[in-house]
Amino acid sequence: MKRSLLPIGILLFFICMVFSLAFYDLLPGGTINDEAVELLQARDLPIDHFRFFAPSYRGGNVDLVESLVPYVNHFLGRLFGDAPIFIRIFYACCYGGACLVFFLLVMAHFRDPWFAFLGALVLGGSSYAVFFNRVLTRNGISILWTCLMLWLMLRLMEGKGGRARAVRHASCLSLVSVLAVMTYTSFKFIVPALYATLIVWSLHRRGRGTLKYAFMSLLMTGAATYALLAMSRTPLRSVLFRGSYVLGGKFTFRHYLWHLLYSFLLPLCYTRGGDFLVEVMHSAYNRQTLSLLLAPFFALGAGNVLWKWRIRFGFPQVVLLSWALAVMLLAPGGPNIKYHYALFPLVIFITLCGMKLLHDVASPLFPRVMIRLAAFVFMGLFLVGEARHLFWVIPTDGLFIMDLSIPRTVADAALACLPENEKVYIVEGWGRDAVRYLTRGRPQIRYIHRGGNRMDPELASDISHDRPVAIVAEGDRPPPFLSAHQVADRNIEKRVWQGRRGVVTSYSVRGGGAPLRKQRRPLQGTEGARLLPGGRGDAAGQFDEPRGIATDAAGNVYVADFRNHRIQKFDADGFFVTSWGEEGEYPGLFRDPCGVAAAPDGRVYVADTFNHRVQAFDPDGKYLDQFEGGFFAPRGIAVDAEGRVWVADTGNGVVKLLSADGRLLKTIGRKGSGEGEFDCPTGIAIDDGGNIYVADAGNRRVRILDREGNLAGGFPVDGWAAAVFNEPYIAAAGGDIYLTDPTGHRVLRYAAEGRLTGVLAPREGAAPLLSFPMGIAVAKGGEALYVADCRNHMVRRFPVRDFAGEGR
């Protein structure tokens, strides 16, 4: 950079940095959810290996995908402690750095330092840039990466400085691209658009040198990404599909065209509601990405660039084409102003092209002093308008204040209740990520599910033992599970906390008073409910796609009621005993449980499939423990005579052996089709001799393991279909192995050496009686089988002799 431009660049950097930090107190007290999750995930980062994605975060409003920002927060926290001001300074530096790089970019193209200074102020002074830099912290780096990539692309297109400089620029472009993808998901679409445009320009100009370096940079980006994936042991599939929320939900061609139209008009179009209000801060921002002063210049610049396309395919055309391609790739997710934030430097550059056109037209007609004066007046109006939007529009928006003030009020109420109570239970609602961050480091604070009439098991235990606890919830009404209890006046103290937007109420339960007794009505149909009649529903004895079945030593039958998110227990005569669970992520709740197993000591283990964990209960359904050993959609589960738990970890393609207290003892196999490998293992069973049988569904075979987990044999199952919804289960008793064949609507019996000895395929007329049978268990005494008739929503009982005749 020339010496004369150095003071301008330094001045610009500090103006933008101070401008960014000046709005630190603009937010009305609190922490935005995305920011809170970034800080919370930073604490969970492993220090022994690199993570390409941020640690999985469940239970809040937001789950971040990218890992760069949590790593930055992690290292800043280790250096300076928990003070958020240091993180703010880091983002302010990124923001100022983006404006400085954009200044260099405009200067390199237009060769006018004052015009470049004006362009950098337009980028940095926009309320759109300041707003997203302040609210969504990881987006604060986004425009820095985009500005750097544009500047490096311009240098490669200029072709100056020889081979060494070109290699350096291509390498830097690769580095920035990888960092960009690790910063925000939309860069997975923006980076390919930039590379594609650079390659198209090289082919058009027949510049072999630029084309060579563009491909070299692209290959380096791919190699670096692959190396990071290998270091972090992250599957390529995760890179492609994690963070796919940017692509939106439903997708039709007509829907896409509608999104595409509005996405192209996003710098110009003003609207409220619909696809623009994807998150609460979109309502807070409350306008198009460009102000009304800049929007006409964007339209003028885009039109002029398109007009000159046939004459010259230069850098402005590259910027416009890059913006268009990126918008096309991002359009399935809707005209979302957050996803398009990284494209803002491209939009401003096109806007500057419109300003430069007007300047060139006006220069011969008006004195230079008048043009400069008009430029200063324009900048004054622009900055005043943007400041007005920041100070008077955004902070007064109701939803935005709610996003900040409610979590703060909940956190303040919980912290105030701590000294007088052993534990404080926060009923999570709006902004629960921010609540978790604001109450971090307090082991006495628990977070419980908002909905449902079922009380959290730990809270119920504390209340039953008369421990002093407090419950904090939004609003002035008690949560559903509390309103379903009789509360003695002298046993509870209610206090209302007035926030800036709404109220928060705390309920302090004191020991020594009348106990809280739950007003439970008998479950509909409980009296006389039987296991075998079945039928679709949520009453006792009814099911919604039952999956796993298990029996205990007393002959009790446990059924994983898949879509009712519960476990039902029946006695040996088939009468309903109890049920437990509902949909949720907290302890004692389930999300599509597929497997259940009864241990010799009476414990009941449940494969909580889509909560990716195993939970342990006593025989009456009281929650005991949960194991989160890196599972991915586990389905089959079994317990051996020593009390060890064997889990078919379906998504990871392995079998895991756990101790009774949840310690991982061994991981068996890996994903694949070779010897000792599994592909979607679903069912698992243990015979009287301690041998373990695994339904290796994807490979259409049964694998046999000894009691230590070593491979001891196996055999193919020709009847199993290679369909994604084919989830066979397995049972073993008396030297026989019983397998369900869901897509074949039948049950198969094999001898231990792998010889087919019988088929159970009962029929009603010409149609099969069973419809997608899944779970299977052997009844006490070994003379009958229980089969989960999934699509008929019932459990059937077949005598073993029916393998030679008709079933009931």
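**Around Ile 637**

Author: Happy to, and let us begin with a residue and its neighbors. Leaving aside residues up to four places away in sequence, Ile 637 touches Gly 595, Val 596, Ala 597, Tyr 605, Val 606, Ala 607, Val 614, Val 645, Trp 646, Val 647 and Ile 684. Please keep in mind that the model is predicted.

Reader: Is Ile 637 buried or exposed?

Author: Ile 637 sits in strand β16, which covers residues 637-639. Its relative accessibility is 7%. Residues under 20% count as buried, so Ile 637 is buried.

Reader: How far apart in space are Ile 637 and Gly 683, C-alpha to C-alpha?

Author: Along the sequence, Ile 637 and Gly 683 are 46 residues apart. In space, their C-alpha to C-alpha distance is 7.2 Å.

Reader: Which residue in β9 stands opposite Pro 546?

Author: Strand β9 takes in residues 557-561 and runs antiparallel to β8, with four bridges joining the two. Strands of a sheet pair through backbone hydrogen bonds. Opposite Pro 546 stands Asp 561.

Reader: Which residues of helix α14 are buried?

Author: Helix α14 has 13 residues, 295-307, and reaches 18 Å from its first C-alpha to its last, close to the 18 Å expected. An α-helix has 3.6 residues a turn, so residues three or four places apart point the same way. The buried residues of α14 are Ala 295, Phe 297, Phe 298, Gly 301, Ala 302, Asn 304 and Val 305.

Reader: Why does Ser 67 count as buried?

Author: Ser 67 lies in the loop between α2 (33-44) and α3 (68-80). Beyond four places in sequence, Ser 67 touches Arg 51, Phe 52, Phe 53, Ala 54 and Met 182. Ser 67 counts as buried because its relative accessible area is 0%.

Reader: What share of the 808 residues of the chain counts as buried?

Author: The secondary structure of the chain comes to 21 helices and 34 strands. Among contacts between residues at least 6 apart in sequence, 60% join residues at least 24 apart. The accessible surface is about 34600 Å², with 57% of it belonging to carbon and sulfur atoms. The buried share of the 808 residues is 56%.

Reader: Thanks! Where does pLDDT stay under 50, with 34 contacts beyond four places in sequence?

Author: The chain averages a pLDDT of 81, and 83% of the residues score at least 70. One stretch under 50 is residues 273-281, for which the model has 23 contacts beyond four places in sequence. Where pLDDT is low, the predicted coordinates should not be read in detail. The stretch you ask about, with 34 such contacts, is residues 512-525.

Technical notes: Residues are numbered from 1 along each chain as its sequence is written. This is a predicted model: local features need pLDDT of at least 70, side-chain atom pairs count only at pLDDT 80 or more; totals for chains, interfaces and linings use all residues. Side-chain values use heavy atoms; hydrogens and water are left out. pLDDT is the predictor's confidence in each residue, from 0 to 100. Contact means heavy atoms within 4.5 Å. Two strands pair if DSSP finds at least two bridges between them. Buried means under 20% relative accessible area, exposed over 50%, partly exposed in between (1.4 Å probe, protein chains only). The expected span of a helix is 1.5 Å times one less than its number of residues. Accessible areas come from the Shrake-Rupley method with a 1.4 Å probe; for residues, only the protein chains shown count as cover.
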